[in-house]
Amino acid sequence: MKAPVSWIREYVDLPAEVTTEALTDKLTLLGLKLEAIESPGAAITGPLVVGRVLTQDKEPQKNGKTINWCTVDVGDANGTGEPQGIVCGAHNFGPGDLVCVVLPGGVLPGGFAISARKTYGHVSAGMICSAAELGLPEDAFGGAGGIIVLPADTALQPGSDVRPLLGLDEEIIEFEVNPDRAYGLSLRGIARDAALGFSAPFSDPCDRVLPAADDAGHPVVVEDEAGCPVFVARTVAGFDPTAETPDWMASRLTAAGMRPISLAVDVTNYVMLETGRPIHGYDAEKVAGALRVRRATVGEKLTTLDGTARVLSEQDLVIADDSGPIGLAGVMGGETTEMSASTTRVLVESAHWEPVSMFRTGKRHKISSEAGKRNERGADPASCEAAADRVVELLCELGGATAEPGVTVVGSVPAPSAITIAADLPQRVAGLPIDTATAVAALEGVGCTVTLVAEVGEDGVPTNRLVAVPPTWRPDVTDPFDLVEEVLRVVGYDQVPSVLPREAAGRGLTRSQRLRRRVGRTLAGAGLSEVVCFPFVGQAAFDKLGLEADDPRRSTVRLANPLSNEEPEYTTTLLPNLLGTAARNVARGAAGAAVFETATVAIPREGAGPAPIYPTHTRPTEAEVEQLFAALPAQPLHLGVVLAGERERAGWWGEGRAADWADAIAVARRLATELGVDLEVVASVRQPWHPGRCAALRVGGRTLGHAGELHPRVVKAFDLPARAAALELDLDALMAAAPERAVPPTLSTYPVAKEDVALVVAEDVPAAQVEAALREGAGELLESIRLFDVYRSEQLGSDRKSLAFALRLRAGDRTLTDDEVKGARDGAVALAAERCGATQR
Amino acid sequence: MSGPNTEYDPVEVTPLQAEEVEAARDAALAAIAGASDLEALKQVRLDHAGDRSPLALANREIGALPPQARKEAGQRVGQARGAVNKALAARTEVLEAEHEERMLIEETVDVTLPTDRVPTGGRHPLTTGAELIADIFVSMGWEIAEGPLIEAEWLNFDALNLGPDHPARTMQDTFWTEPAENHVVLRTQTSPVQARTMLTRKPPIYVACPGRVFRTDEYDATHSPMFHQVEGLVVDEGISMAHLKGTLDHFAARMFGEGIDTRFRPSYFPFTEPSAEVDLRCFVCRGVDSDACRTCRGEGWIEWGGCGVVNPRVLVACGVDPETYTGFAFGMGIDRSLMFRHGITDLRSFFEGDVRFTPAFGTEL
Ligand SMILES: [Zn+2]
C-alpha cells in the first residue's frame, strides 16, 4: 500500500514538526511497516521555479522548425532579478503564461544537467519544462504535447519553487501491510493509526451525514445474506463522461500505484483508497432490472472487465440482473455493464462481502484485484453507506452529475462479538507490567468499546475482566490474544523486557544427530566437500543413470506444481544431482571433485492413503495422528558420494592419481569403521555402476547401498572424467547398525607372531572370501589379518592369482609356542584350501 | 690365538715396559685426536683399542708375569687403556655432534613446498551453521527436534491456525505432491515440527528445529525454491513475550557477538498472537554511524525473522491446555543469517556445490 503523506495528513492533524521519518517510525512500531519512502521529485535537483513569460519571439529556422526565443521573469531565482533568456521549442503557451523553469545548475530525471548554452543564435539559460521532462505523466497539468502551463490563478509568484504545486515534493510512503490488517489498505486506516501514535485528532472520512435509506433507489435483492451482509446502491444522472479527472486526484491515484482511467472509474478507486471500501460503478442504462446477489449456477458464464470469459462455480457469489450475472461480486465487474465514454447515469454499488468467499473466488479464477485484496481481508462493513455517499458526492462535484433520489440499503452491519479477557492477561502474556487502566485506554485507542467487570472470585480474590467489543473495521480481532496484541501494540513492543526462561533439563543431541556430525566430519576429513543439492529430478535423470524401466527408483513422489516441467519429481536417489554437481565443478576447471551430500530421499509408500485434514478445535486422536504420519512417503536419510577426476594431486612428490572404484569403497569402509559397523563388501551389479566394479555394501546381511566405479555410459552422459566413482547408501540404516556401546579389545603385551601366507586361487574368487576363510581357520589366536599383495604371472596362469596375507597371531595370556603358531597357520590355510580351492604358493 | 706366554722371562716382556705402554698410549691418543670423522675414528678404535691393538696385546701378556710384577704392569696397562677409552668416548661424542650437525644441515628441505597431495574436504556452512545454532540451544538445555520434508498439509498449515481459506496461505507458495487431494506438501516452513513436537510430547517443551523448507520461488540471487530455517518452540507454565525476547537476545549474542540484541515490531503470523518481526542489531556498525554500513544499509538493524506468543488455537489443535500453558515460537532463515553474517551476496552460492566454496568456512562455523 502506497500513501502520499499529504493525503494521510488530510485525516490526521499531525503537528507540522512531525517528519515523514518520525511518522513512518511510529507506524512501523504500530504494525504498518515502512517499505520505502519515495518522492516523484527525488530525481530533480536545483532550482525549478515558477516563471512568467514576458516576451516570446517566434524564429523560423533553416531546418523548417520554429523556435521561441523567450524572456521569462523568474523573480530573484537567477540571482539577478533580470529576465531570463530561454529558447523553447513548444508552442502551447504565450506571453503572460506561468510556466515551470529549470535554471542552470538544475538536474532533471535521467541525470539531465541544465546549463546556459548557445543554441539557435541565443544563449539559452535554462529550460521551460514539459510534464514528461519532470518525470510526470505526459498529460499531467494539461501538458500533453507541450510544456506545462500553470493555472493563471496560481498563487505562486515567479521565482518561487514550483515543486509543491506539481506534487513533486510529495513524499509517498509504501507500507507492507500484513494480511490481518485490512484497515492498512486505506488512507482512513493509516491515518487512524497515525492519530493513535501521536495522540493527534483524527477526522474519519466515513464520518458523514448520510441520507436515510428508502425504497426509492435501484432495487436490490440479496439472496445470500451470509455472503453479502450489506448492500448499498445509489445512482447519479447527468454525469458528463467527457469530464476529466482533476490533476490532484490523478496524481494521488498514481502515487498510490493505480493508473487513472476515466473520471467515473477514478472516483470509485479514489474512494476505495480513501475508505478501504471497494466500490463498483455500473453504467445504469446497461443494467436490466433489479440487482440480485446470489451464488452462480454451475456452468454460468461471465466475461469480466479484464476481457476474460469465465465459467462460474456454484460457490462464486455473483451480482446478476435480468440478463444473468453481470459481475463477480467483490472481485471484478462484468463487461456488459461496464462504464464507458458514453455513460451518463452511474449505478454505484458499495457492498460488504464475506471474506472467505472472496478469497475462494479470487483463487479459483486467479484474479488479484485491488478490490478483491480488500474484500478477502475484510473491509469495514460499516463503511458501505458513507463510501457510496462519497462517490456520489465526487461524481456530482467533478462530473456535473446529480444524485438521484433513493438510497438502497439492504442488510445491516453485523455487530462484532464481544471478547472477554482477564484484565491482567496482557501483562501476563507480554511479561511486562500493564495496569488495567493502560490496557483499557489502549483498547479504546484502537476503537474497541471496553467494559470493565470487577468480580470477586470464589476464593475472595478480586478479578477484573475486560469485555471489549472490537470496532467494525477490525474483523481480525476475534480472540483474547488479539486483544493482547492490540494492547501491546499501543504500549509498545519495545517495552517488552528481556528475560531468559528457566533452564530446561534437555537430554542433549540425539544419537542420530551426534552420529550425523561424526559422519560429516569423517567424510570432510577424507578430503570430501559437502554440497547441498535440490531434490528435484525428472525421468530423464534416471535415463542418464541407465536405470531399467522397472527400476523401483523410477517411482517417485511427483509434484503437482513443479517449478520446472523437466524436474517434476522428488528424487529417490541423491546421485543424479550429485553427479551434476561434480560435473559442474569439472566444467568450471576443477581437476577433480570429491563431493558428498546427506539428504533425505522420498520413497512412495505402497497403498498410503491421503493425509486427512482434521478439525483444529481439538487434538486429533493418537490413531488419527498415526494416520497422518503413515500417509507420508518413507524419507530415509541417504549419503551420496561422487569422486571424479583427480583424487591425489601430482606434485614434486610424484604422479597424481585419479579417483577410481577403490576410492568409493574406501569411503564406505572408512565410514563403517568410524561408526563401528561391520561392513561386508560384496560384488554386485546395479545401475549406474560399472557391472564389474560395483560393490553392494551389506550390514548384517542387508544391503544398505552400493559403491564403485560408474558405468562408462553414465560417466559420458554426465560429462565426468573417466573412471569417476560413486557411493550411495542408506545412512539411517548404517547409523542404526552402529553399536550402542563399544567393546574395546584386551591388549596383549606378549610377543606377536607374524606369519605370511601366499595363496593361489582362481581369478574369480573374491579376496574377502579367502580372507574370511583364513580368519576363521586361524581361530582365536589370530589378532589381525591383512591382504598385502595381489600377484599374477604367466607361471600362475591367466585365470589364477596369488593373494599374500600377513597374519598376526597372539594370545592374551602367554607367549605362543612354535607349534601353536604353526597350528593356527595350517588351520587357516587348510580352510582356505577347502573353501576357496586355495593352494600355497 | 695363543694363551699367555709363560715361557718368557717376565723381565724380557717388551710390550709391558713402561716406555712401550706409554708410546702405545700416546700413539692411540694422537690417532684419536687425528680422526676427522666417525668413520676414521672407527678404524682408530680397531687399531688402538681393538683386540689386536698394542695395548690389548700388552694386557694379554700380564698373566705371564710373575705375580709380584703383575700388579704394576696391570696398573700401567690399565691406566693407558683407560686413557685411550676415555679419549675415544670424548672424541666420539664430539664427532657425533659434528656429524649430527652436518647431517641436519644436509637434510634441510624447502618447507614451503606444497603438501596438498590429497585435496582438502569441508563440511557445508549450512550444516555447520545449523550445528552452531543447535549447540547454542542445547547449551541452554533445549533439544533439537526434526521432522520430514514431505509433510502432511494439516501439520504444515491447519494445525498452525492456517485454515484452508487463510489469506496467509497465499504468502507461502507451496509445492503440492500428486494427487493434491492426498493433502501432502513439501513443508513450507519448519513450523510443522512444532505441531509434531506438541502432538508427541508433553510440556514443558524447549526445542529448536533447524531444517530444510521449500517454496515455489524462482531461483535467483535472493530466492531459492529450497532454503533453511530454524524454528524455536517453548511451551511451559508462565511463558511470556519477555522470555521470547530474552531467548532471542541470547541467541543473537551467541551467534553474532556479545552485545548484539534484538528489536520487536508488530507483525502477523497465524500461529502466533501477539506476533512480531524480530530485527537484529547490526553486528557490523552496531547502530553507530550506520549510514555507510553495507550490512544493514544504514538501518542499524537487520531483519532477522518472525516470532510471537504461540496462538492458543495452535495449542488446542495440538492437545496442549491453553489455560495451563503458554508458549513462544520464533523462526528465522539460516541461509539468510549466514549470508549477512559472512557477507555472501548470492544465495545460489550455497546450492551450486562448488568445491571452492566450503573450505572457506573451515573452522569458523
Ligand atoms: Zn550496520
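Across the interface of chain A and chain B, 37 residue pairs are in polar contact, both residues at pLDDT 80 or more. A polar contact is a pair of N or O atoms within 3.5 Å; within protein, one must be able to donate a hydrogen and the other to accept it, and residues adjacent in sequence count only if both atoms are side-chain atoms. The model is predicted: local features need pLDDT of at least 70, side-chain atom pairs count only at pLDDT 80 or more, and totals for chains, interfaces and linings use all residues. Residues are numbered from 1 along each chain as its sequence is written, and side-chain values use heavy atoms, without hydrogens and water.

Salt bridges between the two chains number 12 (a side-chain nitrogen of Lys or Arg within 4 Å of a carboxyl oxygen of Asp or Glu). One of them joins A:Arg558 to B:Glu178, at 3.5 Å from N to O.

The contact involves 100 residues of chain A and 106 residues of chain B, with heavy atoms within 4.5 Å. About 8700 Å² is buried between the chains, and carbon and sulfur atoms give 59% of that. Buried area is the accessible area (1.4 Å probe) that two parts lose on being put together, summed over both. In chain A, the residues that lose the most area to chain B are A:Val532, A:Phe534 and A:Leu563, together 8% of what that side buries.

Chain A itself is divided into domains, among them domain 2 (48–166) and domain 3 (220–411), with bounds from an automatic or database domain assignment. The centres of these two domains, taken over C-alpha atoms, are 43 Å apart.

Definitions and conventions
Chains lettered and ligands numbered in written order.
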